[in-house]
Amino acid sequence: MALDPSFIGRSYPPTDPYEVGREKIREFAIAIGDANPAYTDAEAAKALGHPDVIAPPTFPFAIAFQAAGQVVEDPELGLDYSRVVHGDQKFQYSRPVRAGDRLTVAVTIDNIKSLAGNDVLTVRGEVADETGEHVVTAIMTLVARAADEAGE
């Protein structure tokens, strides 16, 4: 069953703050294989004009995806998460994520469309620090695959 396009524009409350730690940034950089010293060495980051280590550009995915759970779990929307695959991800930065940031994410459904029987859902997460300063916008596309003819 197709998702209801009247949900386009629906916003959800901001998440509780997520405190970005140096160790989380370091672990993430190691996990993705990025040896940029600005991610692990505060002095290297300061030499580039940052107050502390910064996170790799894809770091906010984890907190944005968690925030998008509000959309996925919205019973009124009726999204069958067992059929969902992550289709695309984009980031639009105002500034890098830094160690010590306390970030919240407010999500909005930007688009719903049906494509070849699949539901395609675009969710935008506005990530801000504790002062309300915009840090990054995370835009993800989720695809709920159509059931096959056997209903599976």
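Asp 74 touches Phe 7, Arg 10 and Tyr 12, leaving aside residues up to four places away in sequence. In this predicted model, Asp 74 is found in the loop between α3 and β2, and its side chain makes a polar contact of 3.0 Å with the side chain of Arg 10. The points below place this loop residue alongside the sheet, the helix that crosses the sheet, and the aromatic pairs.

**Asp 74 and its surroundings**
- With a relative accessible area of 9%, Asp 74 is buried, because the cut-off for that class is under 20%.
- The partner in the polar contact, Arg 10, is also one of the residues that Asp 74 touches, and the contact joins the two side chains at 3.0 Å.

**The sheet**
- Five strands form an open sheet with antiparallel pairing, and their order across the sheet is β1-β3-β4-β5-β2.
- The edges are taken by β1 (18-19) and β2 (84-93), and each has a single partner strand, so one side of each is left without a neighbour in the sheet.
- For β1 that partner is β3 (residues 102-115), and the two strands pair in the antiparallel sense over two bridges.
- Within this pairing, Tyr 18 stands opposite Leu 103 in β3.

**The helix across the sheet**
- Helix α3 (residues 61-72) lies across β1, β2, β3, β4 (118-128) and β5 (134-144).
- Relative to β3, helix α3 runs at about 55°.

**Aromatic pairs**
- A search of the whole structure finds three aromatic pairs, among them Phe 28 with Phe 59, an edge-to-face pair with 5.4 Å from centre to centre and 80° between the planes.
- This pair links distant parts of the chain, 31 residues apart, since Phe 28 belongs to helix α1 (residues 22-32) and Phe 59 to the loop between α2 (42-47) and α3.
- Another of the pairs, Phe 61 with Phe 65, is stacked, with 5.3 Å from centre to centre and 25° between the planes.
- Both Phe 61 and Phe 65 lie in helix α3, four residues apart, which is about one turn of the helix.
- Phe 61 is partly exposed, with a relative accessible area of 28%, and Phe 65 likewise counts as partly exposed, at 27% relative accessibility.

Methods:
Residues are numbered from 1 along each chain as its sequence is written. This is a predicted model: local features need pLDDT of at least 70, side-chain atom pairs count only at pLDDT 80 or more; totals for chains, interfaces and linings use all residues. Side-chain values use heavy atoms; hydrogens and water are left out. Two strands pair if DSSP finds at least two bridges between them. Contact means heavy atoms within 4.5 Å. Axes are lines fitted to C-alpha atoms, for helices over the stretch in contact, and angles run from 0 to 180 degrees between N-to-C directions. Rings of Phe, Tyr and Trp (its six-membered ring) pair if their centres lie within 6.5 Å; planes under 30 degrees apart count as stacked, over 60 as edge-to-face and the rest as tilted. Buried means under 20% relative accessible area, exposed over 50%, partly exposed in between (1.4 Å probe, protein chains only). A polar contact is a pair of N or O atoms within 3.5 Å; within protein, one must be able to donate a hydrogen and the other to accept it, and residues adjacent in sequence count only if both atoms are side-chain atoms.
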